[in-house]
Amino acid sequence: MSKNTMPLHKEAWIEELAIKIFNEIEALTKDKVGVSRESYGKGETISINYMIDLAKEFGFYIQKDAAANVYLSLEQSIKNNYILIGSHIDSVPQGGNFDGLAGVIAGFLILVYLKEKKVKTSLPIKLLVLRGEESAWYGKNCIGSKALFGLISQEDLNSTHRSNGKELSKAMTESGVKLDQIRKCKTLINKNEIEAFIEIHIEQGPILVDKNWPIAIVTGIRGNYRHHKIRCKGTAGHSGTIPRYLRKDAVFAGADLITRMDDHWNTIEQHGGDLVLTSGIFHTDVDNQAMSRIPGEILFSFESRSQDISTLDALEGLLRSECKTIEREKGVCFEFDNVIKSDPAECNPEIIKKLLDASDSLGFPRVSVASGATHDAAIFSNQGIKTGMIFIRNDKGSHNPDERMEIKDFMKSVSTLNKFLNDYE
Ligand SMILES: [Zn+2]
């Protein structure tokens with residue numbers, strides 16, 4: 001199928017266009033530190049309007065759905081069996097310029113390239129520019145992509161903005177969302193017409209930098225089980241007067257629990273299991289506690305992430321049983337909140353292979369990684385749509401203004417996607 005003589009990443013003009021778009025959107029959405037492209041808010045709308053104006057310059061067709069997501073394509077009417085490329089255009093407050101935007105610009109460059117080179121892929125292609133992926137603004141993630149499949153609840157719509165208290169429903173209405181359709185949980189896209197969904201995204205972890213891989217193909221997206229608040233209750237007392245055997249120290253009990261869970265993590269990992277554990281909140285009540293007071297209570301969060309739902313289930317069971325043991329041994333009591341579950345999502349094996357083949361044929365390492373962070377791609381995968389992702393090496397992590405994606409690495413991801421699309425049968 002391929003009619004391209006030179007790989008996309010070797011053409012200087014398309015790299016120059018990429019740099020121009022990244023720089024211009026960065027300038028339009030600059031904050032005191034980094035960029036701010038608020039979900040269903042100002043910076044996101046400015047960026048989406050910029051993409052629409054640019055699409056008009058290139059003569060692309062533009063559509064909007066009821067959730068105010070935008071679609072760009074080379075043909076006016078695409079119905080059956082098309083490949084959807086997409087990512088989100090919002091950012092966290094004072095975030096970096098590449099998280100989300102890289103995938104949007106990648107898709108845009110593909111359309112530009114196909115048009116310029118007059119290449120017709122065997123399947124038509126649409127670019128989807130998604131809104132509202134970042135949970136930092138309203139505490140809810142993937143709002144734009146969940147809306148496509150009627151997955152937004154009234155509770156989601158009632159959630160409030162992190163600082164000004166505005167309801168999400170109001171912000172969505174102000175951004176042009178047809179709220180009645182979202183409330184009725186109408187599907188906005190026919191999933192049977194989508195052959196595959198592909199998302200390019202910066203890696204938000206350190207693996208690609210560590211391994212010196214410019215890009216990698218994603219095998220799956222980790223799901224997570226989350227406890228926001230687990231309470232461990234012991235008995236407070238004077239630190240000098242109570243001997244060890246009479247103590248019910250909540251901090252020692254909590255620390256014991258974390259050590260035991262770390263041992264389980266180690267065992268699971270040694271047996272080839274995929275898992276990461278975090279207790280990001282862990283504290284006594286600072287107002288009551290003192291240096292010389294045995295802590296009577298701690299509050300902590302507990303999050304497990306894995307590509308494998310049975311690992312998450314097993315871990316949840318281990319957490320509960322270890323708490324029971326520690327209760328008996330240390331005389332404390334654990335009180336659990338409800339666990340909030342987000343299912344893992346698998347990338348499609350056939351798509352993974354095709355992406356690896358494309359990467360390989362361009363001379364890039366044939367490598368794959370799991371995604372530790374959640375992405376819009378997970379929503380598509382969990383709808384049964386064949387899904388694939390390409391990660392781009394990115395130093396300094398993400399969700400901060402120091403993201404460091406090299407444009408050469410980015411161009412390799414676009415080139416891989418272009419090859420994949422040209423070879424797709
Ligand atoms: Zn992202």
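This is a predicted model: local features need pLDDT of at least 70, side-chain atom pairs count only at pLDDT 80 or more; totals for chains, interfaces and linings use all residues.
**Group meeting: helix α2 and its surroundings**

The buried residues of helix α2 pack against α1 (12–28), strands β1 and β2, α3 (101–117) and β4 (125–130).

Which residues of α2 are the buried ones? They are Gly43, Glu44, Ser47, Ile48, Met51 and Ala55. These residues cover an arc of only 130° around the axis, so they sit on the same side of α2. On the other side of α2 are Asn49, Asp53, Lys56 and Glu57, which are exposed.

Now the length of this helix. α2 covers residues 42–57, which is 16 residues, and at 1.5 Å a residue that should span 22 Å. The C-alpha atoms at its ends are 23 Å apart, which agrees.

Tyr40 lies in the loop between α1 and α2. Its phi is near 45°, a positive value in a residue other than glycine. Is Tyr40 buried or exposed? Tyr40 counts as buried, because it has 27 C-beta neighbours inside 10 Å, and the cut-off for buried is 20 or more. Just after α2 comes Gly59, with a positive phi of about 75°.

Then the strands. β1 is residues 61–64 and β2 is residues 70–73. How do they run, parallel or antiparallel? They run antiparallel, and four bridges join them. Lys64 stands opposite Val70 in β2. The two strands form a hairpin with five residues between them. In that turn, Ala68 has a positive phi of about 65°.

Asn81 is partly exposed, because 13 other C-beta atoms lie within 10 Å.

On to α3, one of the elements that the buried residues of α2 pack against. α3 has 17 residues and reaches 24 Å from its first C-alpha to its last, close to the 24 Å expected at 1.5 Å a residue. How many of its residues are buried? The count is 13 of the 17, so α3 is largely enclosed by the rest of the structure. α3 is followed by Lys118, whose phi is positive, near 55°.

Let me step back to the whole chain. The domain assignment gives domain 1 as 8–222 + 344–423, and domain 2 as 223–342. The centres of domain 1 and domain 2, taken over C-alpha atoms, are separated by 37 Å. Where they meet, six residues of domain 1 are in contact with ten residues of domain 2. By class, the side of domain 1 that touches domain 2 has two nonpolar, three polar and one charged residues.

Where does Asp313 lie? Asp313 lies in helix α10, which is residues 309–330. Asp313 counts as partly exposed because it has 14 C-beta neighbours inside 10 Å. Asp313 and Tyr225 are 88 residues apart in sequence. In space, their C-alpha atoms are 8.6 Å apart.

To recap the helix I began with: Ile48 and Met51 are among the buried residues of α2, while Asn49 and Asp53 are among the exposed ones on the other side.

Note on methods. Residues are numbered from 1 along each chain as its sequence is written. Two strands pair if DSSP finds at least two bridges between them. The expected span of a helix is 1.5 Å times one less than its number of residues. A residue is buried if 20 or more other C-beta atoms lie within 10 Å of its own, exposed if 12 or fewer, and partly exposed in between; C-beta atoms are placed from the backbone. The arc is that of the directions from the helix axis to the C-beta atoms. Two residues are in contact if their C-beta atoms, placed from the backbone, lie within 7 Å. Domain bounds come from an automatic or database domain assignment. Ala, Val, Leu, Ile, Met, Phe, Trp, Tyr, Cys and Pro count as nonpolar, Asp, Glu, Lys and Arg as charged, and the others, Gly among them, as polar.
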